[in-house]
Structure formats: structure tokens, C-alpha cells
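Reader: Please walk me through how to read a domain interface and a cavity in a model.

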Amino acid sequence: MEILVTGGAGFIGSAVVRALAAAGHGVRVLDALLPAVHPSGRAPQLPAQVAFRHGDVRDAALLEQALEGVDVVCHQAAMVGLGLDLDDAPEYVGCNDLGTAVLLAAMNRTGVRALVLAGSMVVYGEGRYRCPEHGEVAPGPRRPADLDAGRFEPPCPRCGAALLPGLVDEQAPGDPRNVYAATKLAQEHLASAWARSCQGRVLTLRYHNVYGPGMPRDTPYAGVASLFRSALARGEAPRVFEDGRQRRDFVHVADVAAANLAALHALAARPPGSARAYNVGSGTVHTVGEMAAELAAAYGGPPAVVTGEYRLGDVRHITADSTRLRTELDWRPKVSFREGMAQFAQAPLRV
């Protein structure tokens with residue numbers, strides 16, 4: 001296949017590009033090299049056969065040129081991070097949603113009818129919870145007064161009892177709790193509308209907490225694993241927010257790249273006009289505190305410090321049920337948590 005990877009110079013995008021090139025596909029990259037994730041302004045080294053073009057997905061004319069002769073688009077381009085400050089909302093919406101809309105319109109004009117979309121677990125908001133008395137419930141918004149007092153676990157909205165966290169599957173309703181999350185859910189809706197309108201096919205991969213070699217250094221946009229690894233590189237202890245017991249599914253970037261390859265190969269068998277989402281997680285649950293401790297030990301740096309700080313836009317627990325991806329696309333994660341953290345601890349970060 002001839003594949004256009006938007007955002008193909010990014011942390012995840014470049015891993016996807018390398019996997020596609022290694023599988024023998026023709027690959028071209030379009031990336032705006034946003035300063036937030038590319039402070040040097042330079043693209044990472046990509047395989048020699050990959051054609052790189054510096055440009056923005058909101059440039060319709062440039063997109064039409066990039067799409068010429070393309071069979072499928074792998075849309076990784078996005079502005080990431082929580083989007084805590086509402087002053088940033090226009091930029092998030094512009095990059096993520098307007099950019100996706102311009103891409104989809106260009107795909108329609110050029111006859112490209114296959115799309116793999118980089119989604120995110122943030123569309124779910126909080127994960128799945130059960131109350132011992134009331135069964136499955138959805139906790140309400142986190143309250144600053146509770147967080148200030150160190151009450152981090154969400155209570156049952158009906159009786160106030162402690163909830164039991166579980167795995168969230170693709171059937172869970174969307175509940176975005178920050179600007180970034182809202183834009184990622186909107187991307188999915190736009191892609192679904194495109195598929196129905198032009199008889200296209202789209203598979204969305206909802207990434208959970210991705211980590212691994214090539215993460216950018218010292219940027220809040222890269223995720224908690226990068227922040228911890230950057231602190232260790234400075235000789236500092238990783239600073240763990242809340243009580244460190246937040247549950248997450250940490251999945252290695254090589255496994256995420258393999259999931260993209262599986263999705264691209266599966267697109268042709270999907271019915272025209274269809275859209276389907278898949279969680280991409282390792283299937284193992286670890287706390288943020290466990291991740292910080294494992295990374296610090298593997299690096300040989302100072303142990304993590306639990307600070308009690310919080311960010312209101314964070315969620316407490318969100319962990320994946322990736323059964324659908326395993327059964328339908330025959331995908332399996334290959335990098336264990338311990339192996340991946342040991343590798344990540346010694347791998348250079350991108351500056």
C-alpha cells in the first residue's frame with residue numbers, strides 16, 4: 001500500500017512510519033513540526049525510503065498534493081496534552097478538529113476512502129466503576145475540595161461509598177473531561193460522518209498511556225512517562241501527583257505501531273461506510289506510582305516522590321479492555337511492563 005502518515009515525525013507517528021516501512025509499504029509523511037513537541041524544529045531520522053513533507057494538515061492544497069496516489073491515510077497528527085487552560089481551546093480545536101475536517105474533505109476530493117485514526121482513551125473520561133450496592137455507576141466531576149483534602153478516589157454518586165475500578169471497553173459512552181479529550185472525541189465523530197458520507201472505511205485506535213524510546217524531553221505535552229524520565233535525566237526524583245495510586249495501562253510504542261499495522265491491513269475487509277473503534281492497551285494494570293518506581297530503579301536515579309498535587313483535568317483511574325483488538329485484528333502486545341520500562345530508562349529522549 002501507499003500510505004500517508006500525518007504527524008509521522010512525532011513520537012508515535014515515527015514509530016508507526018518505521019513499522020510500515022519495515023513491512024514493505026510505501027510511506028510518505030506530512031508533519032507541521034509543532035514547537036511544543038519538536039523544540040529543535042527538526043524531524044527525527046526516518047527510513048531513507050520515506051518521503052517527508054513539512055506542512056500543516058490545515059493546508060488543503062498541500063494535502064491534495066500529498067494524497068495523490070495514496071491508498072490509505074494513517075492520521076496521527078494532533079496537538080496533545082490536557083488543554084487545561086481554556087485560552088488554549090482554539091488552538092486545540094484548530095489543530096485537531098479543523099485539521100481533521102480539512103483532511104477528510106481532501107480525502108473525499110481525491111478519492112481516498114480508507115483511514116486509520118489515532119484516538120485516545122481520554123474520550124472515556126473516568127474509567128469503569130462499580131458500587132458494591134448500586135452496581136455500575138459513573139462518578140461525577142472531581143471536586144477541588146475533595147482533592148485538596150487528599151480524597152482522590154471518586155465516591156459513588158448515589159451513596160458516597162468507595163467504588164471499585166475496572167476495565168473500560170469500547171462500548172463505554174464518551175465523557176471527555178478536558179479540552180484535549182473533547183477534541184479527540186470530535187475527531188472520531190467527524191471521521192464517522194466522513195465514512196458514511198463517502199462510503200469510506202475508518203478504524204480508530206484509542207491509545208492508552210503510550211511510552212517508549214523517542215519521547216520528547218522536558219515537555220508537558222508528552223505524558224507522564226516522559227516527565228518522569230526527563231526528571232531522572234536531570235538527576236531529580238520523579239514527582240508523582242495525588243497519592244500515586246492512579247491506575248493506568250502503560251503500552252509500549254512498538255506495540256502501538258504494530259496495532260496501526262494490523263488496522264491498516266484490516267481496513268479492506270471492513271464494509272463501506274463503516275467506523276469501528278479499538279482500545280490499544282497492554283492488558284496489564286499498574287499505578288502511576290509503580291511506573292515511577294520501576295523507571296527510577298531501572299535508571300538508577302533517586303526514588304520517586306509522592307507530592308499530593310493534582311490537576312483538575314486528570315481522571316483517577318482509566319484502564320483498557322483490549323479484547324476487541326486482540327480477537328478481531330489478531331493483535332498481541334509483545335513488550336512487558338518491566339522490559340519496556342528497563343528499555344525506556346536507558347533510551348535517549350528526543351530534544
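This is a predicted model: local features need pLDDT of at least 70, side-chain atom pairs count only at pLDDT 80 or more; totals for chains, interfaces and linings use all residues.

Author: Residues are numbered from 1 along each chain as its sequence is written, and side-chain values use heavy atoms, with hydrogens and water left out.

Reader: How is the protein divided into domains?

Author: Domain bounds come from an automatic or database domain assignment. Here domain 1 covers 2–127 + 168–346 and domain 2 covers 130–165. Their centres, taken over C-alpha atoms, are 29 Å apart.

Reader: How much area do domain 1 and domain 2 bury between them?

Author: Buried area is the accessible area (1.4 Å probe) that two parts lose on being put together, summed over both. For domain 1 and domain 2 it is about 1100 Å², 57% of it on carbon and sulfur atoms. In domain 1, Tyr310, Leu312 and Arg316 lose the most area to domain 2, together 43% of what that side buries.

Reader: How many salt bridges does the rule find across the interface?

Author: A salt bridge is a side-chain nitrogen of Lys or Arg within 4 Å of a carboxyl oxygen of Asp or Glu. The rule finds two between domain 1 and domain 2. Glu242 and Arg142 form a salt bridge, with their closest N and O atoms 2.9 Å apart.

Reader: Which residues line the largest cavity?

Author: On a 1 Å grid over the protein atoms alone, a cavity is a set of points where a 1.4 Å probe fits but cannot get out; lining residues have an atom within 4 Å of a point. The lining includes Tyr211, Phe250, His252 and Phe337.

Technical notes:
On a 1 Å grid over the protein atoms alone, a cavity is a set of points where a 1.4 Å probe fits but cannot get out, and a pocket is an open set with protein on both sides within 12 Å along at least five of seven lines; lining residues have an atom within 4 Å of a point.
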